[in-house]
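Please consult the sequence and the model shown below while reading.

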Amino acid sequence: MPNIQIFGRNKCQDTRAAIRFFRERRIAFQFIDLDQKGLSRGELESVGRAVGLENLLDTQGREYQRQNLKYMKFDLAEALLENPKLLKIPIVRNGRMAAIGSQPERWRAWLEAE
């Protein structure tokens with residue numbers, strides 16, 4: 001049985017698509033709304049190991065532009081923990097595996113492997 005967690009925002013179209021994907025297949029999941037609660041340090045480390053910490057930073061996002069981070073040196077992990085709006089979403093986690101963004105083909109592969 002998969003252990004699915006979806007980190008995202010209710011207003012995000014890709015997050016809603018991830019939720020719909022698992023609901024349609026009647027797969028239980030836990031949704032974490034990043035507008036209410038960010039990732040814990042442990043969750044960030046786990047997802048970072050699966051996909052690479054640098055891949056979690058949304059360099060095209062409004063918050064990245066607003067903070068002008070392109071020209072600054074900063075601790076990536078601390079920045080992501082302090083400001084979840086810097087994360088690419090949705091982050092879909094299945095145990096030690098994770099995927100960023102809308103990746104239904106990867107999610108399907110997880111389910112078929114169970």
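Is arginine 41 buried, partly exposed or exposed, and at what relative accessibility? Arginine 41 counts as partly exposed because its relative accessibility is 43%, between the limits of 20% and 50%. The model discussed here is predicted.

Arginine 41 forms a salt bridge with glutamate 78, in which the closest N and O atoms are 3.0 Å apart.

Aspartate 75 is located in the loop between α3 (62-66) and α4 (76-82), and with a relative accessibility of 47% it counts as partly exposed.

## Other salt bridges

Four salt bridges are found in a search of the whole structure. One of them joins the side chains of arginine 9 and aspartate 35, at an N to O distance of 2.9 Å. Here, too, distant parts of the chain are linked: arginine 9 lies in the loop between β1 and α1 (13-24), aspartate 35 lies in the loop between β2 (29-33) and α2 (41-51), and the two are 26 residues apart. Arginine 9 is buried, because its relative accessible area of 12% falls under 20%. Aspartate 35, by contrast, is partly exposed at 44%.

Another salt bridge connects the side chains of glutamate 63 and arginine 66, with 2.7 Å from N to O. Both residues lie in helix α3, three residues apart, which is about one turn of the helix. Glutamate 63 is buried, with a relative accessible area of 11%, whereas arginine 66 counts as exposed at 61%.

## Buried polar and charged side chains

Which side chain of opposite charge is nearest to arginine 93, and how far away is it? The nearest is that of glutamate 43, at 4.7 Å. A salt bridge requires the nitrogen and oxygen to be within 4 Å, so arginine 93, although buried, has none. Arginine 93 is found in strand β3 (residues 91-94), and a polar atom of its side chain lies 3.4 Å from the backbone oxygen of glycine 95.

Glutamine 5 is located in strand β1 (residues 4-8). Its relative accessibility of 12% places glutamine 5 in the buried class. The side chain of glutamine 5 is joined to that of glutamine 30 by a polar contact of 2.9 Å.

## The largest pocket

Rolling a probe the size of a water molecule over the atoms shows where empty space is left. In this model, the largest pocket holds about 350 Å³ of space. Its lining consists of Arg9, Lys11, Cys12, Asp35, Asp58, Gly61, Arg62, Glu63, Lys85, Leu87 and Ile89. By class, the lining residues comprise seven charged, three nonpolar and one polar.

How values were computed: Residues are numbered from 1 along each chain as its sequence is written. This is a predicted model: local features need pLDDT of at least 70, side-chain atom pairs count only at pLDDT 80 or more; totals for chains, interfaces and linings use all residues. Side-chain values use heavy atoms; hydrogens and water are left out. On a 1 Å grid over the protein atoms alone, a cavity is a set of points where a 1.4 Å probe fits but cannot get out, and a pocket is an open set with protein on both sides within 12 Å along at least five of seven lines; lining residues have an atom within 4 Å of a point. Grid points are joined across faces, edges and corners, and a volume is the space filled by probe spheres set on the points. Ala, Val, Leu, Ile, Met, Phe, Trp, Tyr, Cys and Pro count as nonpolar, Asp, Glu, Lys and Arg as charged, and the others, Gly among them, as polar. Helices (H or I, at least four residues) and strands (E, at least two) are DSSP runs, numbered from the N terminus. Buried means under 20% relative accessible area, exposed over 50%, partly exposed in between (1.4 Å probe, protein chains only). Lys and Arg count as positive and Asp and Glu as negative; His and the chain ends are not counted. A polar contact is a pair of N or O atoms within 3.5 Å; within protein, one must be able to donate a hydrogen and the other to accept it, and residues adjacent in sequence count only if both atoms are side-chain atoms.
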